[in-house]
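Try each one before reading its solution.

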Amino acid sequence: MAKFRHLLTPFSLKNLDLKNRVVMPPMCTYSATDGVPNDWHFIHYSARAIGGVGLIIVEMTNIAPNGRISPYCLGLWNDEQRDAFKRIVDSVHSYGAKIAIQIGHAGRKALGAERVIAPSALRYGGSDVDDSAKQYAYQTPYAPTTAEVQALVQDYQSAVKRALEAGFDAIEIHAAHGYLIHEFHAPKTNLREDEYGQNKTLFGEQVIAAAKAVMPSEMPLIVRLSAQEYGEHGYDLAHGLHVAERYAAAGADMLHVSGGGDGDLHPDHTPVFKAGYQTHMARAVKQATGKPVIAVGMLDDATVADFVLGDSAADLVAVGRGLLRDPHWLLNAQYHQPAADADAVQFVPRQYQRGF
């Protein structure tokens, strides 16, 4: 195995100091009750902190009950949820990792909700229903009034406030994968005639501004976006770069670059799925905005992840499925480094060092 040159190096953005470049991206585990995190989430995230991950981003956590992907998803619309998160934050910190939380709303992709909302009354036609929610069907959403959209911005801000009170190190706004903010900036899902239809990035920009208004000035705000849609009639990378530039100008400090989520894959818009298949979009967003980026997409081979960093395509790499399979993904990757490398076990907890 080639020696890592970049994966294990520190990274800083504002007051967020990371011990390495590995990010655990948000991945729903569909294990909450009434939006409240529990022992599952405590163990799940603590284990990845013990495993040496530099930055953990908690799975999509929703601003309202009808914003959840499923009834088993996390929420931050009340103080009981906030207080349960604090225990997780404190545990992750005790193992030397930093932790952010992804704030979002599922929009028309919400399942099991009484009143689904979206920019326009267009039912989601995709088939990416998780096993935990297959008993539910996608609904035709209600298109909120202009005033109701403005109220949603305040709901995002309230969730961010609670995240800050729980002690998170950074905030991520979810504007990707076909969820509410993505639905506003995507031409095929936003057919509104009001100001939010005339300026399709306005809603996302307002959410970013609302979050920044309550965040400490030295805390970074991350925005996750789909730089390209993969469904039929989806927008291309040029539109994705326009969105990224607008969100960066609105106050995003870092972009977390993904793709798709807008519907069933269409051959005219879908890339070949291979190691690093989305990193070209991360590079393009980085160049267009001048902001640091997180790359994601089949980066669970540590040598590939290190190459992406060394090739200046990204500043951080998100390892999703690899960390689901192995909470010690990074420790085991280090273990297979050249034996003479003094840094090969630098993140191994004292209690595990005999194993390495």
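**Exercise 1.** How many cavities of 30 Å³ or more are there? Then describe the lining of the largest cavity.

*Solution.* Keep in mind that this is a predicted model.
- Step 1: the count comes to one cavity of 30 Å³ or more.
- Step 2: the largest cavity has a volume of about 40 Å³.
- Step 3: R108, Y124, G178, H182, E183, A186, T189, E229 and D262 line the largest cavity.
- Step 4: sort that lining by class, and you get four charged, three polar and two nonpolar residues.

**Exercise 2.** What is the packing geometry of helices α1 and α2, and which residues make the contact?

*Solution.* 
- Step 1: take α1 as residues 39-50 and α2 as residues 79-94; they pack at about 20°, with axes 9 Å apart.
- Step 2: angles under 35 degrees count as roughly parallel, so α1 and α2 are roughly parallel to each other.
- Step 3: for handedness, α1 passes α2 in a right-handed crossing.
- Step 4: α1 brings D39, H41, F42, Y45, S46 and A49 to the contact, while α2 brings R87, I88, S91 and V92.
- Step 5: by class, this contact of α1 with α2 has five nonpolar, three polar and two charged residues.

**Exercise 3.** Now do the α6 and α7 pair: at what angle do these helices pack?

*Solution.* 
- Step 1: α6 (residues 202-214) and α7 (residues 237-250) pack at about 30°, with their axes 9 Å apart.
- Step 2: α6 and α7 are therefore roughly parallel to each other.
- Step 3: α6 passes α7 in a right-handed crossing.
- Step 4: the contact joins G204, E205 and I208 of α6 to R246, Y247 and A250 of α7.

Key. Residues numbered from 1 in each chain as written. Predicted model: local features only at pLDDT ≥ 70, side-chain atom pairs only at ≥ 80, totals over all residues. Heavy atoms only, no water. 1 Å grid on protein atoms, 1.4 Å probe; cavity = no way out; pocket = protein on both sides within 12 Å on 5 of 7 lines; lining within 4 Å. Points joined across faces, edges and corners; volume = space filled by probe spheres on them. Nonpolar A, V, L, I, M, F, W, Y, C, P; charged D, E, K, R; others polar. Axes fitted to C-alpha atoms, helices over the stretch in contact; angles between N-to-C directions. Helix = DSSP H or I, 4+ residues; strand = E, 2+ residues; numbered from the N terminus. Parallel < 35°, antiparallel > 145°, perpendicular 65-115°, else oblique. Left-handed = near helix turned anticlockwise from the far one by under 90°. Contact = heavy atoms within 4.5 Å.
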